[in-house]
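Here is a short briefing on a protein structure. Please look at the sequence and the 3D view before reading on.

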Amino acid sequence: MKVYLDNAATTPLDERVFEAMKPYFLEYHGNPSSIHTFGRTVRSGVEKARKQVADFLQVAPSEIFFTSGGTEADNTVINSAIAQYGIQHAITSKIEHHAVLHTLEYLEKAGKIHVHFVDLDPQGQVDYSHLEKLLKIHENAFVSLMHANNEIGNITDIDMVAELCGQHKAYYHSDTVQSLGHAAIDLSNPNIHSIVGSAHKFHGPKGVGLMYLRADKQLAPFLHGGGQERNMRGGTENVPGIVGLAKALELTISEQETNQQKLLELKQYTIQKLKENIEGVAFNGLSVDTGRSLHKVLSIGLPGVEDNDMVLFNLDINGIAVSGGSACSSGTSIGSHVLEAIQTKENMGLLRISFSRFNAKDEIDYFVEKLSLTLKS
Ligand code: PLP
């Protein structure tokens, strides 16, 4: 049996998404910037996708920009907003994705900004009063606090963050790569200035993402080139990817209620099975709190594990894909900066289990059975 439980790393492509993309690989091959009919046909595919995405997010099409993924989108917003608004202080948390953390650290090393970390409680929740304190000391700051965490699933109250940012004239960017299509995001909130998404996290293709940039906070480009994306992002558009992203978002949002119910049931079932079969199992962050975390992410601690990689390896031999923390590009196991920043029980193995609508309960039974055997061996 093959069981894929690493959907926070990436999700399988939905066949309906593939069908929507196919003509843009095989039939419509013009460059969207060309003015002949070939080009114009493709341009209309891109603009239709933009309009669809904007409608789903209830924003204007002119506020949506396509990128090569979440990383590029985060880099663009961080670099451009800090440069454009002459920002000197950035406020973030130690559990942000590296697309945010490494970019801010890079700018700090280059002497352009000072980075301040907001306190987190032992479960990784933002301490809002500390955030307010930092905002008061550093007016006009750049704030990057994610909506949902990729390792522990914690959901941050972005409306609360936005309100505080509004009071202290901060630019507020939220990395919503994990939450887009999974949790409600109200972009009518005037103090949320930018969010980002990535298609491969919601059954779309890899290598395509988006930025929402609020109309009254438009930024200068980060990638300079041919003036694509209304001068905001140079580079010929990944047209099949963009069409796929829009289709995947359409499916995720239109089927959200059913899918979220399914994910919730899978998560609750997994928690129950783990408690029944693995003595001393622990749950990290807020991931066991289904009201305050993504339904798709469960982070667990395993007692008596000396070699986490061996557990992952044994599960892999049995056809089961889970993660030891977050996906690492080199494939090697490195400590998780997220779990280091929060309180976890000591001397425990760590697994991130992440579900998708394509998982079923018998896969969970198989996973728990093999995990239990691995721990006993
Ligand atoms: N932000 C978060 C929270 C993520 O989980 C990821 C991917 O894991 C990214 C950003 C980067 O997205 P991409 O893989 O599209 O570059």
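The points below cover the domains, the interface, the ligand and the salt bridges.

This is a predicted model. A ligand is surrounded by 13 residues. The count of salt bridges comes to 17.

**Where the domains meet**

- In domain 1, 32 residues touch domain 2, and 33 residues of domain 2 take part in these contacts.
- The size of an interface is often given as the accessible area lost when the parts come together.
- Here, domain 1 and domain 2 bury about 2,900 Å² between them.
- Carbon and sulfur atoms account for 48% of that buried area.
- The interface holds 21 residue pairs in polar contact, with both residues at pLDDT 80 or more.
- On the domain 1 side, helix H9 (256-277), strand E10 (297-303) and helix H11 (337-341) each supply at least two residues.
- By class, that side of domain 1 has eleven nonpolar, 16 polar and five charged residues.

**Salt bridges**

- Side chains of opposite charge can pair when their charged atoms come close.
- How many salt bridges cross the interface of domain 1 and domain 2? The rule finds one.
- Glu255 and Arg16 form a salt bridge through their side chains, with N and O 2.9 Å apart.
- Another salt bridge joins Asp6 and Arg352, whose closest N and O atoms are 3.1 Å apart.
- The Asp6 and Arg352 pair links distant parts of the chain, 346 residues apart.
- Asp6 sits in the loop between strand E1 (3-4) and helix H1 (15-26), while Arg352 belongs to strand E12 (residues 348-354).

**Around the ligand**

- Which residues are closest to the ligand? They are Gly70, Thr71, Asp175, Ser198 and Lys201.
- Lys201 has a side-chain N or O atom 2.5 Å from an oxygen atom of the ligand.
- Asp175 places a polar side-chain atom 2.6 Å from a ligand nitrogen atom.
- His97 has a polar side-chain atom 3.5 Å from an oxygen atom of the ligand.

Notes:
Residues are numbered from 1 along each chain as its sequence is written. This is a predicted model: local features need pLDDT of at least 70, side-chain atom pairs count only at pLDDT 80 or more; totals for chains, interfaces and linings use all residues. Side-chain values use heavy atoms; hydrogens and water are left out. Contact means heavy atoms within 4.5 Å. Buried area is the accessible area (1.4 Å probe) that two parts lose on being put together, summed over both. A salt bridge is a side-chain nitrogen of Lys or Arg within 4 Å of a carboxyl oxygen of Asp or Glu. A polar contact is a pair of N or O atoms within 3.5 Å; within protein, one must be able to donate a hydrogen and the other to accept it, and residues adjacent in sequence count only if both atoms are side-chain atoms. Helices (H or I, at least four residues) and strands (E, at least two) are DSSP runs, numbered from the N terminus. Ala, Val, Leu, Ile, Met, Phe, Trp, Tyr, Cys and Pro count as nonpolar, Asp, Glu, Lys and Arg as charged, and the others, Gly among them, as polar. A residue is near a molecule or strand if one of its heavy atoms lies within 4 Å of it.
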